[in-house]
Amino acid sequence: MAFLPVMAFGKFDKSLDKELFSETITFETSRITVGVFSYNDGEKKMQVSRENMNQDGEWSFAKLGRMFKDEAEKVIPVMEKALKHM
C-alpha cells in the first residue's frame, strides 16, 4: 500500500503574500530579482528569480540556475540588503 502525504496547507492565496523588499538587477538579456516575502504573516523568506528577454523584447520567467561572475557580483550585495529585511 502506497503512502500519500497530506498537504498541511491549502491553496496558495496571493493576497496573503506580502512583499517586504524587492530589487531587480538588469543585465543585457536577463534580469534577476531578489525579494523578501512573508506569507500569511509567517516567517520571512528570500526569493531570487531570473527573467530572460525573448526575441520580441518581452520578459519571461526562467530557472535561476547558474550565475556568471558579473551577475553574482551584483546580486550578492542586493541579497545582503534583503537580509536586513528578514
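Please keep in mind that the model is predicted.

Let's start with the second largest pocket. Its volume is about 220 Å³. In total, 14 residues line this pocket, and those closest to its centre are Lys-14, Glu-19, Phe-37, Gln-47 and Ser-49. Where does the lining come from? Strand 1 (17-26), strand 2 (30-39) and strand 3 (44-53) are the elements that give two or more residues to it. Strand 3 has the largest share, with five residues.

Is Ser-49 buried or exposed? Its relative accessibility is 16%, and the cut-off for buried is under 20%, so Ser-49 counts as buried. Setting aside neighbours within four places in sequence, Ser-49 is in contact with Arg-31, Ile-32, Thr-33 and Phe-61.

Ile-32 takes us to our next stop, because Ile-32 is also part of the largest nonpolar core. That core has nine residues: Phe-21, Ile-25, Phe-27, Ile-32, Val-34, Val-36, Val-75, Val-78 and Ala-82. As background, nonpolar side chains tend to be buried together in soluble globular proteins.

Let's finish with a core member, Val-36. Not counting residues up to four places away in sequence, Val-36 touches several others, among them Phe-21 and Ala-82, as well as Glu-19. Phe-21 and Ala-82 belong to the core too, while Glu-19 brings us back to the residues closest to the pocket centre.

Technical notes. Residues are numbered from 1 along each chain as its sequence is written. This is a predicted model: local features need pLDDT of at least 70, side-chain atom pairs count only at pLDDT 80 or more; totals for chains, interfaces and linings use all residues. Side-chain values use heavy atoms; hydrogens and water are left out. On a 1 Å grid over the protein atoms alone, a cavity is a set of points where a 1.4 Å probe fits but cannot get out, and a pocket is an open set with protein on both sides within 12 Å along at least five of seven lines; lining residues have an atom within 4 Å of a point. Grid points are joined across faces, edges and corners, and a volume is the space filled by probe spheres set on the points. Helices (H or I, at least four residues) and strands (E, at least two) are DSSP runs, numbered from the N terminus. Buried means under 20% relative accessible area, exposed over 50%, partly exposed in between (1.4 Å probe, protein chains only). Contact means heavy atoms within 4.5 Å. A nonpolar core is a set of buried Ala, Val, Leu, Ile, Met, Phe, Trp, Tyr and Cys residues joined through side-chain atoms within 4.5 Å.
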